[in-house]
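Take a moment to look over the sequence and the model. Then follow the text from one contact to the next.

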Amino acid sequence: MLRRILKIFWWLLLLAILTIYIYLGLASFTSQQVIAAVMQLEDTPEEILYRSQQKLNDELGNYWQVILFKRVNSNSNQISSINLRLVGFPGSQELPHPLPLKITTDTGKVLTAPDIFLDEAPAPTIAQYDFKDVLPQLSTQELLIGIPVGKQHFINLSIPKHVVQEWQEIALKS
């Protein structure tokens with residue numbers, strides 16, 4: 001009898017832990033959704049900013065905020081810019097400027113994006129790259145981004161398929 005009560009107790013405890021785990025969002029049984037945020041800039045009402053923002057970790061385990069944004073003139077539907085900004089969290093490598101970003105597609109094609117910060121960035125772990133010519137060349141598969149930390153040295157950051165798909169959604173916005 002005592003054994004049966006203990007067995008029920010452990011099953012209930014396991015169920016409670018699993019419920020808390022799911023409730024806190026630590027487990028997800030659904031696929032990632034592709035959602036591109038759309039916001040209108042306050043300082044220039046004729047310009048619209050489309051943005052994707054993700055937190056990803058590199059091969060060394062350091063976290064990066066990866067933000068792709070596109071500026072569009074709302075009057076003419078002209079694209080002003082498409083940029084990829086990388087912001088390293090504390091402990092991330094400092095990024096020298098200006099060095100191009102290396103993008104490797106799932107087929108092995110290597111693309112480069114020029115560094116926008118020619119001399120100095122707002123902080124040592126921030127870099128921003130011109131993605132206007134790169135984005136149209138990307139498929140909707142995962143990518144490997146080589147963040148330059150020297151002329152021939154890179155930190156690799158994997159960009160999952162759902163993030164690349166989100167970027168493609170932004171590319172289609174006008």
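Start with a charge and a ring. The charged end of Lys55 sits over the ring of Tyr63, 4.7 Å from the ring's centre. "Over a ring" has a set meaning: NZ of Lys or CZ of Arg is within 6 Å of the ring centre and within 35 degrees of the ring normal.

A word on the ground rules. This is a predicted model, where local features need pLDDT of at least 70 and side-chain atom pairs count only at pLDDT 80 or more, while totals for chains, interfaces and linings use all residues. Residues are numbered from 1 along each chain as its sequence is written, and side-chain values use heavy atoms, with hydrogens and water left out.

Next, look at charge meeting charge. Side chains of opposite charge can pair when their charged atoms come close. How many salt bridges does the structure hold? It holds one. The term means a side-chain nitrogen of Lys or Arg within 4 Å of a carboxyl oxygen of Asp or Glu. Here the partners are Glu47 and Arg71, at 3.8 Å from N to O. They link distant parts of the chain: Glu47 is in strand 2 (residues 47-57) and Arg71 in strand 3 (residues 63-73), 24 residues apart. Strands (E, at least two residues) and helices (H or I, at least four) are DSSP runs, numbered from the N terminus.

Is Glu47 buried or exposed? Glu47 counts as buried, at 18% relative accessibility. Arg71 is partly exposed, with a relative accessible area of 27%. The cut-offs are these: buried is under 20% relative accessible area, exposed is over 50%, and partly exposed lies in between (1.4 Å probe, protein chains only).

Now turn to aromatic rings. A pair of them is described by the distance of the centres and the angle of the planes. Rings of Phe, Tyr and Trp (its six-membered ring) pair if their centres lie within 6.5 Å; planes under 30 degrees apart are stacked, over 60 edge-to-face, and the rest tilted. By this rule there is one aromatic pair. Phe131 and Trp167 form it, edge-to-face, with 5.8 Å between centres and 85 degrees between planes. Phe131 lies in the loop between strand 7 (126-130) and strand 8 (143-148), and Trp167 lies in helix 2 (residues 161-172), so the pair ties together parts 36 residues apart in sequence. Phe131 is buried, at 0% relative accessible area. Trp167 is buried too, also at 0%.

Go on to the sheet. Strands of a sheet pair through backbone hydrogen bonds, either parallel or antiparallel. Four strands form an open sheet here, in the order 6-5-8-9, with antiparallel pairing. Two strands count as paired if DSSP finds at least two bridges between them. Strand 6 (110-113) and strand 9 (154-159) stand at the edges with a single partner each, so one side of each has no neighbour in the sheet. On average, neighbouring strands are turned by 25 degrees against each other, direction ignored.

Walk across it. Strand 5 and strand 6 are joined by four bridges, and Ile103 stands opposite Leu111 in strand 6. The two strands form a hairpin with five residues between them, and Gly108 in the turn has a positive phi of about 95 degrees. Strand 5 also pairs with strand 8, over three bridges. There, Thr104 stands opposite Leu144. Six bridges then join strand 8 to strand 9, where Pro148 has Phe154 as its bridge partner. Helix 2 packs on this sheet, touching strand 8 and strand 9, and its direction makes about 80 degrees with that of strand 9. Such angles run from 0 to 180 degrees between N-to-C directions, with axes fitted to C-alpha atoms, for helices over the stretch in contact. Contact means heavy atoms within 4.5 Å.

Finish with Leu86, in strand 4 (residues 79-88). Leu86 is buried, with a relative accessible area of 0%. Beyond its neighbours within four places in sequence, its contacts include Trp64, Val66, Leu101, Ile126 and Leu157. Leu86 and Gln128 are 42 residues apart in sequence, yet 6.2 Å apart in space, C-alpha to C-alpha.
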